[in-house]
Amino acid sequence: MKAYRASILYFSGPGQAVLESDGLLVVGPDAAGRQVVQAVQAVGPYQQLAPRFAHVPTEHFPGRIIAPGFVDMHIHYPQIDVIGSPAEGLLPWLENYTFPHEKRFSAHDYSAQAAMFFIAELLRNGVTTALAFATSHPESVNALFAEAQKSNLRLITGKVLMDQNSPDGVRDETEQSLLDTEALIRRWHGVDRLGYAITPRFVPSCSAAQLRGAGELAAKYPDVWIQSHVAENKDEVAWVKGLYPEARSYLSVYEQFGLMRPRAIYAHCIHFDDEDRALMRSTGAAAAVSPTSNLFLGSGFFDYEGADRVGFGYGLASDVGGGTSFSPFHTMLAAYYVGREGQTKPGVSLSPQHLWWQHTGGAAQALGLGGVVGNLLPGCEADFVVLNPQATPLLARKTAQAASLDELLFSMIVLGDDRLVERVVIAAPASAA
Ligand code: GUN
Ligand code: ZN
């Protein structure tokens, strides 16, 4: 066992943050016997817990805040060099920057070095769980899993399915793409902290046969994830309408092929009506809200009010490279802007506690990993960040004046970036602790 003394941030319930100003976090071998993780054994006031854990080596971080590692619900590892590529909108951005770039991942060595950079960048920014797109090349998936396994990062990824409306070099072949997907599920899903996601890119890039095959695999392997994009951009929505004129909506095409269920994560979900929202809710699918991407590509604004009114699950995502930053602080701030949406929405948008929840425990819950990651309650896997609120002169000045937890969290959301993340601790294998 090992203990950490600092201020400790955790969630007592959805969107309900607690800051233990002088706290103790005790971690140790997972009670459920999983060999690959350390789990939280106790969390609470230092004075109260210290006598019980007096024998446990304790590391002290004065003036620092321990908080749950962040959960990124949607990111593209092959797009680390696509960040900041301007385009009129999604479709020209895909054609002119993204697809040409993703072609490079047919080479193992190229994929491996990109995967190494990507994992390091996630960790530098305090992201300890990610649901990521690879490319259509199985090699790109093997490279990312292998790299994540080395750092014991909780990572879910999959081979992108795209057998139509895609250029040579990234387009795959229907039958082979499904065989490759199943082989990758068998090789990687549930190994250490890794998970597989069946990954149809989006409706326009997949034939009906490919979507049907993906749905069949989703039924055969109910605990693997599904990830895709939906209703991001108006031209994309119109394209899908042309491909499936009989479908009630873009989202309903995924339902038709058996691709909506718990653990199905759809990025964006912007151009929705209430029937789409009800379909998300009734199937247990969840949205990966990607505000920096939506602002950068001019896609639109996720409707938080609609999502909460109908009641479907969601959490935050960077969507790098449409998104502009790996930093959860930048993403939370963008979500605040989106929740505000100019002057069309009254009030002060989303609360800092709710924003933080959306990128930790809320995202975990949306992924079907509630109580596993994204929080520091007993039993959770012990992935956490050590934040230094004095990391920059302005942060130090502002956080010192915070008169409430909301003010403190907001100061970090608005002013924070990778400099705030002093250290990242991953639930290390029990044998290594
Ligand atoms: N829709 C289909 N592919 C992509 C992608 O790579 N990024 C985004 N933002 N949307 C997509
Ligand atoms: Zn995306």
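**Close-up 1. The shell around ligand 1, by residue type.** The residues of this shell divide into three nonpolar, five polar and three charged; here Ala, Val, Leu, Ile, Met, Phe, Trp, Tyr, Cys and Pro count as nonpolar, Asp, Glu, Lys and Arg as charged, and the others, Gly among them, as polar. This is a predicted model, in which local features need pLDDT of at least 70, side-chain atom pairs count only at pLDDT 80 or more, and totals for chains, interfaces and linings use all residues. Residues are numbered from 1 along each chain as its sequence is written, while chains are lettered from A and ligands numbered from 1 in the order in which they are written. Look around ligand 1 for His-76, Leu-90, Leu-94, Thr-98, Arg-201, Phe-202, His-229, Glu-232, Ser-293, Asp-319 and Gly-322, each with its C-beta atom, placed from the backbone, within 6 Å of the ligand. Helix α2 (residues 90-102) gives the most to the shell, with three residues; helices (H or I, at least four residues) and strands (E, at least two) are DSSP runs, numbered from the N terminus.

**Close-up 2. The packing of helices α3 and α4.** Helix α3 (residues 108-124) meets helix α4 (residues 138-151) at an angle of about 40°, with axes 8 Å apart; axes are lines fitted to C-alpha atoms over the stretch in contact, and angles run from 0 to 180 degrees between N-to-C directions. The two are therefore oblique to each other, as angles under 35 degrees count as roughly parallel, over 145 as roughly antiparallel, 65 to 115 as roughly perpendicular and the rest as oblique.
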